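Let's take a friendly walk through this model, one region at a time. Have the viewer open as you read.

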Amino acid sequence: MGELVVPIVLGIEPKLFMGHSAVALSDDRILVLKGNSSSDDCTWFLEVDTPFVREQKKNFETEVVAWSKGVIGTAEKPIVISGPSGVGKGTLISTLMKEFPDLFGFSVSHTTRAPRDKEKNGVHYHFTEKGVMEKEIEGGKFLEFASVHGNLYGTSVEAVEVVADAGKRCILDIDVQGARSVKASSLEAIFIFICPPSFEELEKRLCARGTETEVQIQKRLRNARAELEQGNSPGLFDHILVNDDLHTCYESLKKLLCLNEGMDNIQKPSPRLVGLPTDHSVSKIDQKILIDSGGAEVEQASKNLYVLDLSLLKGGAPGRTRGLNMYPINHLANGVNGVKQLS
Ligand SMILES: Nc1nc2c(ncn2[C@@H]2O[C@H](COP(=O)(O)OP(=O)(O)O)[C@@H](O)[C@H]2O)c(=O)[nH]1
Ligand SMILES: Nc1ncnc2c1ncn2[C@@H]1O[C@H](COP(=O)(O)OP(=O)(O)O)[C@@H](O)[C@H]1O
């Protein structure tokens with residue numbers, strides 16, 4: 001438009017670094033390769049016209065760009081578990097995490113409700129003051145948030161990313177409003193709703209748990225009716241499980257997550273590959289970026305060439321861009337001839 005505009009910059013920026021290369025990818029984002037950094041921190045995207053940025057431009061009514069960190073490999077879809085208070089979500093999730101500690105990680109939500117006796121800050125929830133949480137909501141810290149039973153609850157972008165960065169599959173225990181917000185967001189997830197066998201049984205479980213006052217229990221039971229109606233209505237949840245007998249329900253949960261057919265089909269995170277020296281150059285060939293990390297004799301040349309494959313790139317700001325693949329060129333063929341396979 002012929003004028004210089006200073007944009008609002010969203011997202012967490014890469015830490016200061018020495019030397020970088022930048023490549024424009026189509027019209028929507030710029031790939032920035034950080035020099036002198038390892039493979040888990042060398043790939044960054046500055047988004048200038050992705051769907052996320054376009055949405056934010058409308059919100060802020062000015063130019064916006066957003067940082068997103070590139071992550072090698074694709075994490076499995078997060079699992080959203082919803083259901084009325086007392087139905088057994090927490091019990092099912094903690095059983096799953098105990099049995100598969102390397103596979104699953106819990107998204108630790110923020111809440112303004114008071115901690116229960118055995119709850120630990122940072123483990124079960126991040127217990128937060130209302131004023132602080134409201135400010136953080138305004139600052140865009142949360143992927144979703146909702147007012148539930150009179151308190152604020154929210155999933156921060158970071159809560160989900162911390163789990164994915166550890167190479168684990170994220171489990172979110174959130175209410176139906178939160179599930180709806182996640183469904184509308186860029187986070188692709190599996191949505192599971194847990195139902196009680198009857199309303200009377202739900203009331204019995206809530207009373208027996210003994211963590212709420214009678215008034216709080218009645219409030220949760222009133223809300224449970226609406227939640228059950230929404231949870232059972234079509235379109236939002238991929239699976240509905242009835243938690244009657246705990247063992248049977250847990251086995252059904254494992255079955256739908258393909259966990260009781262042996263461990264062979266469970267993907268392990270891909271190994272970390274290369275580090276990028278400060279001195280490097282890049283060129284773009286279709287969806288592949290050829291990285292030359294420089295300075296070698298001819299017969300060594302292949303060892304200094306890497307391919308960053310962007311053809312399966314997924315998502316974007318806020319947070320992470322996944323689905324990247326990076327490998328040395330001599331994985332394709334021996335010697336410099338491997339380069340030919342790129343075109
Ligand atoms: N939207 C949303 N709901 C949440 C979040 N964390 C917890 N919840 C929901 O808030 C409700 C109350 O949770 P809690 O106070 O721990 O009580 P419980 O349901 O009886 O275990 C439950 O439906 C949770 O699924 C969150 O980050 N976002
Ligand atoms: N299938 C079940 N049968 C009987 N009691 C259950 C069952 N599942 C969970 N419970 C009990 O019900 C109470 C509520 O479970 P909890 O996991 O805290 O629910 P939520 O996280 O959905 O609020 C707990 O005391 C738990 O031990």
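Which residues come nearest to ligand 2? Among the 14 residues around ligand 2, they are Gly88, Lys89, Gly90, Thr91 and Leu246; a residue is near a molecule if its C-beta atom, placed from the backbone, lies within 6 Å of it.

## Ground rules

This is a predicted model, in which local features need pLDDT of at least 70 and side-chain atom pairs count only at pLDDT 80 or more, while totals for chains, interfaces and linings use all residues. Residues are numbered from 1 along each chain as its sequence is written, and chains are lettered from A and ligands numbered from 1 in the order in which they are written.

## The two ligand shells

Back at ligand 2, helices α2 (89-99), α6 (199-209) and α8 (246-256) each supply at least two shell residues. Helices here are DSSP runs of H or I with at least four residues, strands are runs of E with at least two, and both are numbered from the N terminus. The shell around ligand 2 has four nonpolar, seven polar and three charged residues. In this scheme Ala, Val, Leu, Ile, Met, Phe, Trp, Tyr, Cys and Pro count as nonpolar, Asp, Glu, Lys and Arg as charged, and the others, Gly among them, as polar.

Ligand 1 has 17 residues around it, of which Ser85, Ser109, Tyr153, Ile174 and Gly178 come nearest. Two or more residues of that shell come from each of β11 (142-148), β12 (151-156) and α5 (176-184). By class, the shell around ligand 1 has four nonpolar, nine polar and four charged residues.

## Nonpolar cores

The largest nonpolar core has 39 residues, and Val80, Ile81, Val160, Ile192 and Ile194 touch the most other members. Such a core is a set of buried Ala, Val, Leu, Ile, Met, Phe, Trp, Tyr and Cys residues joined through C-beta atoms within 7 Å; buried means that 20 or more other C-beta atoms lie within 10 Å of a residue's own, with C-beta atoms placed from the backbone. A second, separate core of 25 residues includes Leu31, Cys42, Val71 and Tyr306.

## Strands β17 to β19

Strand β18 (residues 288-292) is joined by five bridges to β17 (residues 281-285), running antiparallel, and by five bridges to β19 (residues 305-309), also antiparallel. Strands pair if DSSP finds at least two bridges between them.

β17 and β18 form a hairpin with two residues between them, and Asp286 in the turn has a positive phi of about 50°.

Notes. A residue is buried if 20 or more other C-beta atoms lie within 10 Å of its own, exposed if 12 or fewer, and partly exposed in between; C-beta atoms are placed from the backbone.
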